[in-house]
Amino acid sequence: MRSETIHTRSQTQQARLAAIYEVSARLGSIFDLTKLFNLVMDATIELTQAERGFVMLLNEQTGKLDVVGARNFDKRTISAQNSTEISTSIVERAITTAEPILTSNAQEDHRFADVQSVVGYQLRSIMCVPLRVRGRVIGAAYVDNRFMSGVFGQDDLDLLVTFANQAAVSIDNARLFNQTDQALSRRVEELTVFQQIDRQLNRSLDLDRVLGLALDWAVNLTQAENGAIGLVGDSAETPDSTPHKSINMLARKGDQADAEHTIQSNHPILDQVLRGGDVARSRHESALADKTVTQLAVPIRNQGETIGLILLDSPLENAFPREDIDFVGRLADRAAVAIKNARLYEALRHAKQQQNDFLAVVTHELRSPMTTIMGYTDLVRSGAAGALNPQQVELLETVMGNVKQMRLLVSDLADINRLEMGHLQLKCSAFEIKNVLRQVKRSLRERIHDKAQRFSLTIDADLPPVFADMERTIQVATNLITNANKYTPEGGMIGVRARRDGQFVAVDVVDNGFGISETDQEKLFSQFFRVESKQVREEKGWGLGLSIVKMLVEAQGGEISFRSELGKGSVFTFKLPIEDNQT
């Protein structure tokens, strides 16, 4: 009879070991932690015939135990409230000692009889084994029966220990897999975010906006409470005449976001960054608010020099983990480039403003003396100051011709200045382009005739009206046809054609003149640029006409292009929007 009992127990034990082997094989293929925890608990309860079971893991950040799996005999998840109705004292002992615990009746066990949770929850049969992997305890597996004593024996505990070892490895592998997967997902998400950041930062050349955008991203993605971003500058000299560095915080978020703020170099967080040129993270009195916080300072560096600082505050002691620090560091690198571009743009804009101011003064001051010169020259030519001999008349004609050239230059400079400053007033309306081209043809007839050039004007039928400034369109057409006349030899050909091109009316000005080399084509619309050709240099000009034409056409919503071949001629095309395209 005794041998039959031993044989039966042996069979039962083998069946349970086989079940452990089968479940362990399944555990290794599951990386979803919720499914894994539920499978571990369901298998544990089935193997030990427990009423309920729990998996608890140590939280590395808080140091506390988190219940990650809780199931009952019916393979149902136990509610969060009931998950706390266990003996945490027994669990903590198992984890602290790294030894399994078995009690057949905790109510009478001298080790636990006076434990409040055991008495309060009327716990009886309990087993708890530590989950160990790679030489450390990561948590515990706990099963119990609150109503019956003597449910578990040593065989059950040995079985649970064996299974717990297998489960611990599977749980650790799944956690590592999920951490790697989360890190990869975060990196992919971060790359996507940086694409948005790059687009926003590079879209603006306004320094304050660049700083504000960078700070918004830093605060939002690290969940900081306060934040500021600023640039390094020299503060007022101390009594010993030693200049000190300071940070002028140009953008702020959080407490006192609208307040102006300058951080002196003697503040510990700033001193640490300026001295070491590296990230600083510490807990101390905030540089942004009157309270103790965890503060992160990340330098913005350009060519090895710290030019600015991103400063973030959080009340949490464990704020700004490594991934946040790395993110803000990469953000600072991008901000450095955007700040450099914004500063260069600001310097260029300032220089351009000075140039425009100078041109405005010069053009204004030159108009009055030129008017006087032209007036007196006309007066002398008319004989009002006495009769003139032929040589004197010729000299006066030369003076008048040069003054007219100067007046054209001043007019061109004034146009450029108004266009660049955005002060040019356009009077756009609908008109027929054919009328403009016919008017320009009449005004240039004498110039074309003097060089014996053939001129043709072709206007497609049913051409719609354009919506533009008529006077400025006359200026554009006159300039392009005049250029064709100047840079086409005597007896050459000039053709003008107006046609529809989608939502535009296009005007082609074609000549068989000198043409433009590929090298010169790259600079053709630059101000004061003239082709390095003897034939071109013989013609009078300032190199401003084409740059003005381009700005005028584009200011009216049009386009301009050209194609040319050296020695064979050129085709310049300008397009203006049709009336139907306007709202």
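## Cysteines

Cys428 has 34% relative accessibility and so counts as partly exposed. Buried means under 20% relative accessible area, exposed means over 50%, and partly exposed lies in between (1.4 Å probe, protein chains only). Cys128, at 0% relative accessibility, counts as buried.

A disulfide is a covalent bond between the sulfur atoms of two cysteines. Here the rule asks for a pair of cysteine sulfur atoms within 2.5 Å. By this rule there are zero disulfides.

## About the model

This is a predicted model, where local features need pLDDT of at least 70, side-chain atom pairs count only at pLDDT 80 or more, and totals for chains, interfaces and linings use all residues. Residues are numbered from 1 along each chain as its sequence is written, and side-chain values use heavy atoms, with hydrogens and water left out.

## Aromatic pairs

How many aromatic pairs does a search of the whole structure find? The search finds three. Rings of Phe, Tyr and Trp (its six-membered ring) pair if their centres lie within 6.5 Å; planes under 30 degrees apart count as stacked, over 60 as edge-to-face and the rest as tilted.

Phe54 and Tyr142 make a tilted pair, 5.9 Å centre to centre with 55° between the planes. Phe54 sits in strand 1 (residues 52-58) and Tyr142 in strand 5 (residues 136-145), so the pair ties together parts 88 residues apart in sequence. Helices (H or I, at least four residues) and strands (E, at least two) are DSSP runs, numbered from the N terminus. Both Phe54 and Tyr142 are buried.

Phe562 and Phe572 are stacked, at 5.4 Å centre to centre and 20° between the planes. Phe562 belongs to strand 17 (residues 559-565) and Phe572 to strand 18 (residues 569-577), 10 residues apart. Phe562 is partly exposed at 21% relative accessibility, whereas Phe572 is buried at 10%. Ring pairs join Phe525, Phe562 and Phe572 into a cluster.

## Nonpolar cores

A nonpolar core is a set of buried Ala, Val, Leu, Ile, Met, Phe, Trp, Tyr and Cys residues joined through side-chain atoms within 4.5 Å. The largest one has 38 residues, and Ile433, Leu480 and Phe574 touch the most other members. Elements that each supply at least two residues include helix 10 (433-443), helix 12 (470-486) and strand 18. Helix 12 gives the most, with six residues.

What does Ile433 touch, not counting residues up to four places away in sequence? Its contacts (heavy atoms within 4.5 Å) include Leu463, Val466, Ala498 and Leu576. A second, separate core has 28 residues, among them Ala214, Ala224, Leu312 and Val328.
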